[in-house]
Amino acid sequence: MALDGIRMPDGCYADGTWELKMHVTDLHRDVSLRVTGEIHVGGVMLKLAEKLDVKKDWSDHALWWEKKKTWLLKTHWTLDKYGIQADARLLFTPQHKLLRLQLPNMKHMKVKVNFSDRVFKAVSDICKTFNIRHPEEASLLRKPRDPKKKKKKLEEAEEEALELEGPLLTPGSASEIIYIGPVKGSIYSSPGLYSKTMTPTYDSRDGSPLSPTTAWFGDSPLSEGNPSILAVSQPISSPDILAKLYKPQSLLDKAKINQGWMDSSRSLMEQDVKENEVLLLRFKYHSFFDLNPKYDAIRVNQLYEQAKWAILLEEIECTEEEMMMFAALQYHINKLSIMSSDNHMNNSEKEVDEVDAALSDLEITLEGGKTSNTLGDITSIPELADYVKVFKPKKLTLKGYKQYWCTFKDITISCYKSKEEAHGTPSLQMNLRGCEVTPDVNISAQKFNIKLLIPVADGMNEIWLRCDAEKQYAHWMAACRLASKGKTMADSSYNLEVHNILSFLKMQHMNPDPQFIAEPAVTNDINSECLVSPRYLKKYKNKQISARILEAHQNVAQMSLIEAKMRFIQAWQSLPEFGITHFLAKFQGGKRDELIGITYNRLIRMDANTGDAIKTWRFANMKQWNVNWEIKMVTVEFADEPSLAFICAEVDCKVVHEFIGGYIFLSTRAKDQNESLDEEMFYKLTSGWV
């Protein structure tokens, strides 16, 4: 055995062993171990712990291979199987690391997250701990950098200003950190806060489960039976906060923000996320399944907050009337939030009644909620027939709208010169399957337009419909939206769609009550600079905005807190740009960069400057999609039209691929399924190489 210590030219020793260099992050120590390629990873960690001779629980630690950016989690694998040789440097580091999580309400929270879990699993654990159902709709996003800001100090000050009020205590500990997910051999192990069976005893104040939460959070602000701090909307305290936050100036800026989505199939560590880094928790997929105020108080509030900030930061366009309606709802929600925190204990039973009332009244799920009680004559499909003004915009045209007698049958609109000619050949006929439907409404000007982009072989035909009144507009708009999805007015969601459109219009009415006189004290507490986006602060004086908000507030003043939040979300969903995620792309045959927009049910080719839709493809018509990872090209094949191919510019095509696969995955959900997620199916649809 005299040869044991002799080192060969290749760095190995004569007995076949070699030195493995490791760095122990907790101790800031470099350690070398004599190993062979046949030793398994678990054996290496055992030897290392023995050599360190430090009394410490190492159960959360694992080996990280820096050069290959990979965790060595398969402890039964040998070093040879992993391909580790003498030139490798490994880190012995905790899997759970500190992350500063910015929630949709813009508040920051310190959490310990598993940096070795895939992001999809890590987000699921975060949402379970925060009592947010359907975590598959959420993900993590890197913070967008404002190109105008150069000093980091400004950003740090901004983050400090947005910290959550009060310490958030770890269960069983005195530190201000929340542990996410199970930690081996630790008191922090938690299965999450919501029940898979969905039959918990829920708190009457905000619908959070009672029993488990008290065990996890003890005497912290997340106690009293619920993590209520996350279910309460906190008003924006100063317009300076709005001024500091990054506002995308164009569609290209919005596309750049979407470059920052984390890869759900890889861990945080593999994506160069550092300990104590700020990541944004956001609802990534705009397909909100089974939104139930009774169980989803925190989910509803965080959705409301994400919608609120998207409108205030002008991430989504809305009209002036819509902005005043959103401001009035915000004002109402802020008022009720302060009142409900004061009167929590007195109003518990009333709140339950309000939740039940809101449930039965709203049901704003994606597919349209409840079936109507009155089925009517199920053998016939309802039709619309009325005089509607029609306009076909063309370049250099001066012609305006022309009135036709229009009939809407199944998914087709037929236009006749008069009612008497309705049995003859139509002057114009439109099949609306796969079309883009955009509202163009101005209540005060009594303008009720529907913009249709109808797919044809070489692109899209643009047609405008003008209705005379709200009721006519609501029926035709609802029919157009259903027809674009290939559904007729016989669908159970038609009446609900009409009702939602009329409710949305009603909230925008400006009908001041002559008896209503705003007192100075009331107008002062409005704080209008924090309720509307900056462009309106430049256009109007604060007093003018406050008066308009108070005017609009009369339409929503009778709503309960949960109903107002649900109405806000519903109104957000009604905006033309809602749910479109933009990416910069170069299409096959195209000469310049354009945008690809991805929504829950379609892909949209868009003009990068104007945002106008050039062509639409529905997922329902899609056969398959493929990715050429080398040239960053995504190819999509359809059943009855030419395939689509585009190259992703300035963004990893994996992000685009994951959005398409993610929406396909979400479309497979059903209410009768249990709460468990088919993670493997998600990875098959989104990862591309699993």
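Keep in mind that this is a predicted model. Begin by showing the aromatic side chains: counting rings whose centres lie within 6.5 Å, there are 24 aromatic pairs.

Zoom in on Trp-261 and Phe-659. Their ring centres are 6.2 Å apart and their planes meet at 75 degrees; over 60 counts as edge-to-face, so that is what this pair is. Now colour the chain by position and see what they bring together: Trp-261 belongs to the loop between α7 (251-257) and β10 (278-283), while Phe-659 is part of helix α17 (residues 653-666), 398 residues apart.

Next, select Phe-288 and Phe-578. This is another edge-to-face pair, with 6.2 Å from centre to centre and 65 degrees between the planes. It also links distant parts of the chain: Phe-288 is in the loop between β10 and α8 (297-312), and Phe-578 is in the loop between α16 (561-574) and β18 (581-587), 290 residues apart. Both Phe-288 and Phe-578 are buried.

Together with Tyr-285, Phe-583, Phe-659 and Tyr-663, Trp-261 forms one aromatic cluster.

Pick Lys-56, and you'll find it over the face of Trp-58, 5.6 Å from the ring centre. Then jump to Arg-118, which sits over the face of Tyr-683 at 3.9 Å from the ring centre.

Now for a helix: select α1, residues 41-52. With 12 residues at 1.5 Å each, α1 should span 16 Å, and its end C-alpha atoms are 17 Å apart, so the two agree. Which of its residues are buried? They are Val-41, Gly-43, Val-44, Met-45, Leu-48 and Leu-52. Show what surrounds them: these buried residues pack against β1 (18-24), β2 (29-35), β3 (61-65), α2 (79-82) and β5 (89-94). Step just past the end of α1 to Asp-53, where phi is positive, at about 50 degrees.

Finally, zoom out to the whole chain. You're looking at 18 helices and 24 strands, and 54% of the 690 residues count as buried. Of the contacts between residues at least 6 apart in sequence, 63% join residues at least 24 apart.

Terms used
Residues numbered from 1 in each chain as written. Predicted model: local features only at pLDDT ≥ 70, side-chain atom pairs only at ≥ 80, totals over all residues. Heavy atoms only, no water. Helix = DSSP H or I, 4+ residues; strand = E, 2+ residues; numbered from the N terminus. Buried < 20%, exposed > 50% of the residue type's maximum accessible area, 1.4 Å probe, protein only. Contact = heavy atoms within 4.5 Å. Expected span 1.5 Å × (residues − 1). Phe/Tyr/Trp six-rings, centres within 6.5 Å; stacked < 30°, edge-to-face > 60°. Lys NZ or Arg CZ within 6 Å of the ring centre and 35° of its normal.
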